[in-house]
There are 2 protein chains.
Amino acid sequence: MAEGKRGKVGSMAGEEKVVKKLEDFGLSMISEVQKEISPTFKTTARTKSNVFFDEGLGYIRLGDKIEERTFINVGQARKFMQTIAIANKCKKFLKERSHTSIRGLYYQLKFSLGDTLDEDMFAEQSESNPLVEDLEVALNVKREDLNLNTDRKGVVAGGLVLNDKFGGDETTIDCSKQGRSGWMIPSDVDNGMDFVNVDADYVLVVEKDAMWQRLNEDKFWKKENCILITPKGQSSRGCRRLIRKLADRKLPVYCFTDCDAWGWYIYWAIKTGSINLAYLANDIAIPEAKFVGVTMRDIKDYEFLGKLTINAKDVDIKRAEEMLAYDWISRNKDWVEELKTVLKTKKKIEQDALQGPRLSFVGDYLREKIAKKKFLS
Amino acid sequence: MAEGKRGKVGSMAGEEKVVKKLEDFGLSMISEVQKEISPTFKTTARTKSNVFFDEGLGYIRLGDKIEERTFINVGQARKFMQTIAIANKCKKFLKERSHTSIRGLYYQLKFSLGDTLDEDMFAEQSESNPLVEDLEVALNVKREDLNLNTDRKGVVAGGLVLNDKFGGDETTIDCSKQGRSGWMIPSDVDNGMDFVNVDADYVLVVEKDAMWQRLNEDKFWKKENCILITPKGQSSRGCRRLIRKLADRKLPVYCFTDCDAWGWYIYWAIKTGSINLAYLANDIAIPEAKFVGVTMRDIKDYEFLGKLTINAKDVDIKRAEEMLAYDWISRNKDWVEELKTVLKTKKKIEQDALQGPRLSFVGDYLREKIAKKKFLS
């Protein structure tokens, strides 16, 4: 799975490719049944022992361990059948050119399967996930390619123009003409979605929506010729995928978060991917990403920040300790120093603190740090 | 406060009006100090005993009980001083034509007040709220008019064109040309934000973003000539204000939520406002709103829904019981029948269930119910 990008599969031709994959998937089952052997498919194991940080690639990915799903197995039969039913529905959605959510999928299955469907298995996204993930990994497609929408979150402003083919219409989206709102990042930024023009020197990812609004009001993206993105906290799949696609255009990616557990997590999830989405890392991890701030060492250059620290919470301390135990962080001098300062001072700094002297100071801070390349990586 | 709309105060002229209000507020304090009396201001009490459901207006509003805030009062001195400091900062933001969040405001105060500022008081939005609310009520303005951004959430598609004056630029936003994403509802839909054109027969408010995406893909808003809005769960202030402004244009407002505790709450908060925001009810409550579904009685007309109910949770049962105890609901036959059915069957229905027979069925359902005016109100 780590070889070669899956990337965009759902242009007209891509859509047909996915349908073909689903059909082949079904035909191989039928052929097995006809041969009187148990229908079976293979998927890469997503167990903890098959997830590792790949030093060379710089992200968390799945290993090569393969698992078999087979119908004639008491523990697997029900789930196996449901996975096949999901594949069948997704083929239908693709042919109809309609999208739905996992919840919509659940009701389609319940409508046709009735009581044989285990409601609890689909009750929570986290419980239905394994079945859809099995399909994604077995077929080497993203669920977005199967016309399943994922939660969307995140906003963009800046020199990015997109062409959005959707619901039979075609729309040009100019992210430099979205006023106070910005362009909302959709679930799927691949299928029917093309970059028409990318005119920017870098991508700035800002943790908080409030900070994004602040920078958008000051036209930071226009003055600095960058693309300004907020994931609004933890990044959605669509947001990560969009940043990945911009990084593929050789745009540097700088992340600007709080100096605390949540901020660090947001940065590292963007950079190295996460354990949960290790199976997608190739499509969404951005190992090139750098951390522009806020850092504890900023206090040396911006003295006022020393007075605007707040007390670190238990979760911040615990997270700093955990991170120091990761191999790839413990070898990174800058991050070790940073995290040890947090542990020593028991303080944290929010990105909002950079508005202390004046609201527009945050822009000056970013400008200076980016110009002087004061990054952690 | 219930008399007359505050509405839009922040056009060029409005901005100056708010600055004038803040200046008068400060001048009256100074004059009191010079007269050697304790500076004092009046605000409408937001205590439980001063919040009630106004049968005539159809929403939850504040009564007439006035409270005084005064500096020479051991229990009030610190908060009083902080409220004045907030007023001073907001005047500055308005003059600078810059916005920030409550968190940005906190750091500006911390920067200038240092240790006299109580961090914990500002630690959570809920704790800093009372001070900002005091100002909003005392001055009869919204915090958005004070250049304080609130959390934004919610998306629009349909026949609505807006003019957005923001950060020195002017942008035309056409909500019928936003592709798969839609237009994201900002914090402030009044100041610098004008309706250029509203071309729709009604407003449809859809609880879930996933359902909004489904209807957007089917171009429901285009086929039915409506404005399609999702608050993405509970409505933000900006979302409610936008719906209120559309209702002011005489557009009927129909709400489409799950048939469960959360769905009912979303509907009633849109319609009657909520206890927390009673002080804003005049600007954001939409008593004209009607409930289009999902309802338990839908099962009579759409038999398949009977098979797609799921078990009500404790919170649904508890909420149904609470709602039946409200005067204005207990007098509403349709709602009483509806809630009693939930209590009897202990079942609930999600809006997603309407995708059971086919993904596009949900559009047919809405079309039919709206055409036949099958609403609860």
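In the predicted model, helix α12 of chain B spans residues 314-325. Its 12 residues reach 17 Å from the first C-alpha to the last, close to the 16 Å expected at 1.5 Å a residue. Four residues of α12(B) are listed as buried, namely Asp316(B), Arg319(B), Ala320(B) and Met323(B). These residues lie on the same side of α12(B) because they cover an arc of only 105° around the axis. The other side of the helix carries the exposed residues Asp314(B), Lys318(B), Glu321(B), Glu322(B) and Ala325(B). Packing partners of the buried residues of α12(B) are the helices α9 (261-272), α13 (327-330) and α14 (333-345), together with strand β15 (347-348), all of chain B.

Chain A is divided into domain 1, residues 12-146, and domain 2, residues 155-371. The centres of these domains of chain A, taken over C-alpha atoms, are separated by 32 Å. Their contact takes 18 residues from domain 1 of chain A and 17 residues from domain 2 of chain A. On the domain 1 side of this contact in chain A, the elements giving two or more residues are α1 (12-34), β2 (51-54), β3 (59-62) and α5 (125-139). The largest share of that side, four residues, comes from β3(A). By class, the side of domain 1 of chain A that touches domain 2 of chain A has seven nonpolar, three polar and eight charged residues.

The contact between the two chains takes 49 residues from chain A and 48 residues from chain B. On the side of chain A that touches chain B, two or more residues each are given by the helices α3 (102-113) and α6 (209-217) and by the strands β6 (160-166), β7 (169-174) and β8 (183-184) of chain A. That side of chain A has 15 nonpolar, 19 polar and 15 charged residues.

Nonpolar side chains tend to be buried together in soluble globular proteins. The largest nonpolar core of the model has 191 residues, of which Val205(A), Leu228(A), Val205(B) and Leu228(B) touch the most other members. With neighbours within four places in sequence left aside, Leu228(A) is in contact with Ala157(A), Gly158(A), Leu204(A), Val206(A), Trp212(A), Leu215(A), Asn216(A), Phe220(A) and Trp221(A).

Several backbone features were also noted. Most peptide bonds are trans, and most residues other than glycine have a negative phi. A cis peptide bond joins Gly293(A) to Val294(A), with omega about 0°. Val294(A) is placed in the loop between β13 (290-293) and α11 (298-301) of chain A. In chain B, Gly293(B) and Val294(B) are likewise joined by a cis peptide bond with omega about 0°, and Val294(B) is in the loop between β13 (290-293) and α11 (298-301) of that chain.

Positive phi values occur at Lys232(B), near 55°, and at Lys250(B), near 70°. Lys232(B) is found in the loop between β11 (226-230) and α8 (237-248) of chain B. Lys250(B) lies in the loop between α8 and β12 (253-256) of chain B. Lys232(B) counts as buried because it has 22 C-beta neighbours inside 10 Å, where the cut-off is 20 or more. Lys250(B), with 8 C-beta neighbours inside 10 Å, counts as exposed, the cut-off there being 12 or fewer.

Terms used
Residues are numbered from 1 along each chain as its sequence is written. Chains are lettered from A and ligands numbered from 1 in the order in which they are written. This is a predicted model: local features need pLDDT of at least 70, side-chain atom pairs count only at pLDDT 80 or more; totals for chains, interfaces and linings use all residues. The expected span of a helix is 1.5 Å times one less than its number of residues. The arc is that of the directions from the helix axis to the C-beta atoms. Two residues are in contact if their C-beta atoms, placed from the backbone, lie within 7 Å. Domain bounds come from an automatic or database domain assignment. Ala, Val, Leu, Ile, Met, Phe, Trp, Tyr, Cys and Pro count as nonpolar, Asp, Glu, Lys and Arg as charged, and the others, Gly among them, as polar. A nonpolar core is a set of buried Ala, Val, Leu, Ile, Met, Phe, Trp, Tyr and Cys residues joined through C-beta atoms within 7 Å.
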